[in-house]
Amino acid sequence: MSADPGPAAGAADFGAGGPGTGRTPGEGRENGSGPASVPAPSSSGHSSGHSLGQAAGITGEHGRHEAGPGRTTARPEGGGRAAGKDAPAPARQWPILLVICGAAIGLIVTAAGAFRAGTIVIGASLLVGAALRWGVTAVGMLAVRSRFTDVITYGLFGLAIVLLALMAQPDPLIRIPFLEDIIHFSVR
């Protein structure tokens with residue numbers, strides 16, 4: 001029966017594996033039986049980059065981090081598949097495909113000569129993306145950052161595009177005085 005070394009011993013051991021660390025027990029240790037060796041600094045004040053860097057998870061001459069388990073960017077909340085594994089690839093990413101198709105339709109309508117209608121469709125597709133990101137739990141590649149950041153970003157850009165399309169000259173459909181002042185000030 002062995003005694004538990006406590007949290008201080010685990011914190012000092014760079015190679016400690018355990019739940020949530022992304023490492024297997026013994027990884028980062030020389031032979032898997034003890035803590036990783038950290039060499040003493042040389043007389044020039046620099047330590048050998050070999051074992052110190054490897055113990056800290058840094059490799060290479062310039063101290064670059066090695067990509068591996070536990071060293072990747074976390075997937076955003078809701079960033080998994082939007083449909084099951086057995087669904088075809090496009091169906092698994094239906095939320096972003098819906099937004100992209102809406103924007104593409106808006107671009108085609110704009111190119112066909114209906115500027116206001118096309119830009120409203122583009123803005124509306126971004127607003128649909130914001131609504132999907134807020135209401136649907138698994139949205140696939142539509143999830144870029146946190147849910148809050150995605151909803152705010154999609155929503156603000158969509159609303160701005162729709163408002164600017166409605167205010168576009170000639171014959172604006174709505175008048176928002178402070179936005180008109182901003183546009184006139186920036187266009188001069």
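Guide: Start with proline 170, which sits in the loop between α6 (147-167) and α7 (177-187). Keep in mind that this is a predicted model.

Visitor: What kind of peptide bond joins glutamine 169 and proline 170?

Guide: The general idea comes first. Most peptide bonds are trans. Here, a cis peptide bond joins glutamine 169 and proline 170. Its omega is about -5 degrees.

Visitor: What is phi of aspartate 171?

Guide: Again, begin with the rule. Most residues other than glycine have a negative phi. Aspartate 171 has a phi near 55 degrees. That is a positive value in a residue other than glycine. Aspartate 171 also belongs to the loop between α6 and α7.

Visitor: Is aspartate 171 buried or exposed?

Guide: Aspartate 171 counts as exposed because its relative accessible area is 62%, and the cut-off for exposed is over 50%.

Visitor: Now the helices on either side of that loop. How do the axes of α6 and α7 cross?

Guide: Two packed helices are described by the angle between their axes and the distance between the axes. For α6 and α7, the axes come within 12 Å. They cross at roughly 85 degrees, so α6 is roughly perpendicular to α7.

Visitor: Which residues in α6 and α7 meet?

Guide: From α6, take Leu163, Leu164 and Met167. They meet Leu179, Glu180 and Ile183 in α7. By class, this contact has 5 nonpolar, no polar and 1 charged residues.

Visitor: Let me try another pair. How do the axes of α4 and α5 cross?

Guide: The axes of α4 and α5 come within 7 Å. They cross at roughly 170 degrees. Therefore α4 is roughly antiparallel to α5. The residues of their contact divide into 14 nonpolar, 7 polar and no charged.

Visitor: Which residues are in that contact of α4 with α5?

Guide: Among those in α4 are Trp94, Leu98, Val99, Gly102 and Ala103. The α5 side includes Phe115, Ile122, Ser125, Gly129 and Leu132.

Visitor: Pick one. What is serine 125 in contact with?

Guide: Leave aside its neighbours within four places in sequence. Serine 125 then is in contact with Val99, Gly102 and Ala103. Serine 125 itself is found in helix α5. A polar atom of its side chain lies 2.7 Å from the backbone oxygen of isoleucine 122.

Visitor: Why does serine 125 count as buried?

Guide: Because its relative accessible area is 7%, and buried means under 20%.

Visitor: And valine 99, what is it in contact with?

Guide: With neighbours within four places in sequence left aside, valine 99 is in contact with Ser125, Gly129 and Leu142.

Visitor: Which residues make up the largest nonpolar core?

Guide: In soluble globular proteins, nonpolar side chains tend to be buried together. The largest nonpolar core here has 9 residues: Ile96, Val99, Leu126, Ala130, Leu132, Val139, Leu142, Ala143 and Tyr154. Two elements give two or more residues to this core: α4 (94-111) and α5 (115-135). The largest share, 3 residues, comes from α5.

Visitor: Step back. How many helices and strands does the protein have?

Guide: The secondary structure comes to 7 helices and 2 strands. Along the sequence, the pattern is α-α-β-β-α-α-α-α-α. Of the 188 residues, 25% count as buried. Now take the contacts between residues at least 6 apart in sequence: 44% of them join residues at least 24 apart.

Technical notes. Residues numbered from 1 in each chain as written. Predicted model: local features only at pLDDT ≥ 70, side-chain atom pairs only at ≥ 80, totals over all residues. Heavy atoms only, no water. Core = buried A, V, L, I, M, F, W, Y, C linked by side-chain atoms within 4.5 Å. Buried < 20%, exposed > 50% of the residue type's maximum accessible area, 1.4 Å probe, protein only. Helix = DSSP H or I, 4+ residues; strand = E, 2+ residues; numbered from the N terminus. Contact = heavy atoms within 4.5 Å. Polar contact = N/O pair within 3.5 Å; in protein donor to acceptor, adjacent residues only side chain to side chain. Axes fitted to C-alpha atoms, helices over the stretch in contact; angles between N-to-C directions. Parallel < 35°, antiparallel > 145°, perpendicular 65-115°, else oblique. Nonpolar A, V, L, I, M, F, W, Y, C, P; charged D, E, K, R; others polar.
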